[in-house]
Amino acid sequence: MMIFPTWIHTPLNRQINPGGITLSGGESQKLLPARLLYRRPQCVILDEPTAALDPIAEDHIYRSYNEIIDGSTSVFISHCLASTRFCDRIFLLDGARFAEAGTHEELMAAGKKIPKECGECHSYEEYLALFSVVFQDYSLFEFSLAANVTASFDYDKDKVAEKLEDAEFGDRLRSLDRGIETMIGRNYENVGIDLSRGEQQKVALARALYKDAPFVILDEPTAALDPIVEAAVYEGFQVPTKHKTAVFISHRLSSCRFCDDIIVFHKGELVQRGKHDVLCAQNGKYRELWQAQAQYYKE
């Protein structure tokens, strides 16, 4: 620990206050997690939180984390594996693919390759390849349907059609003379088509499925779809995401019935967790939201 005459009021640079200090990379890295831990959140995600620390300091930091965040849902993302001995579950990636899961002891006993040095880290591009994501602010481009699904001009035509079908775009696709080669928009070709908001969302979903990454994250992916189509989309998602880790973020709860685990947040706090039937049986926020939305669907 570093001691300063004015303690925590010490300025961290000299541009504004000549009496400020300059922190090393490791010291700065210690300060940022301290900011997070001060809040005592129920969910903690730490992405390479100790990359600038030496192994002894790193080990000390993780031991401290283990005590401070006990009871929280915590995720550590790291190349250097000092954190893994304190984790309840480790997900080991090989290149851009999910390879194995288990505790540190289980993976070591099974003879699995756990990288010992940061030199065995994967590249940034390989990490990007792990995730298929549909954000709320996705974009489509005035290219063909196929190019929008694949983000490429070199693609598997059958796979493109299959993923559009999985995303409930099949009926519209079959109505198009040029199929997956149909242009979106008319700025470049007069024969292009205009898609509704819901159809655009289906194409974005097909893009996530085409990438075929082991982790799928969908942030409000069906907000522009009607309840019946929305239910069909989620039903269709069960097969292509069966052996993947899929995370759905949504205010509309039709997706929840298909999820293995539901986490309910209210006013920034994690208030409930469990399966749909269990949460509906409890007199909590999830049941309140489910009943409020279900009555409109019934009507």
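Strand S1, spanning residues 43-47, has Val44 and Leu46 on its covered face, while Cys43, Ile45 and Asp47 make up the uncovered one. The structure is a predicted model.

**Strand pairing**
- S1 runs parallel to strand S2 (residues 73-77), and 5 bridges join the two.
- Leucine 46, on the covered face of S1, stands opposite phenylalanine 76 in S2.

**Serine 144**
- Serine 144 occupies the loop between S5 and helix H5 (145-150).
- Because its relative accessibility is 9%, below the 20% limit, serine 144 counts as buried.
- A polar atom of the serine 144 side chain lies 3.0 Å from the backbone nitrogen of alanine 147.
- Apart from neighbours within four places in sequence, serine 144 is in contact with Tyr155, Ile180, Glu181, Thr182 and Met183.

**Lysine 163**
- Lysine 163 belongs to helix H6, which covers residues 157-166.
- The relative accessible area of lysine 163 is 10%, so this residue is buried.
- Not counting residues up to four places away in sequence, lysine 163 touches Ala206, Leu209, Tyr210 and Pro240.

**Alanine 129**
- Alanine 129 sits in the loop that lies between helix H4 (124-128) and strand S5 (131-134).
- With a relative accessible area of 33%, alanine 129 is partly exposed.
- Lysine 211 is 82 residues from alanine 129 along the chain, and the C-alpha atoms of the two are separated by 8.2 Å.

Key. Residues numbered from 1 in each chain as written. Predicted model: local features only at pLDDT ≥ 70, side-chain atom pairs only at ≥ 80, totals over all residues. Heavy atoms only, no water. Buried < 20%, exposed > 50% of the residue type's maximum accessible area, 1.4 Å probe, protein only. Helix = DSSP H or I, 4+ residues; strand = E, 2+ residues; numbered from the N terminus. Pairing = 2+ DSSP bridges. Contact = heavy atoms within 4.5 Å. Polar contact = N/O pair within 3.5 Å; in protein donor to acceptor, adjacent residues only side chain to side chain.
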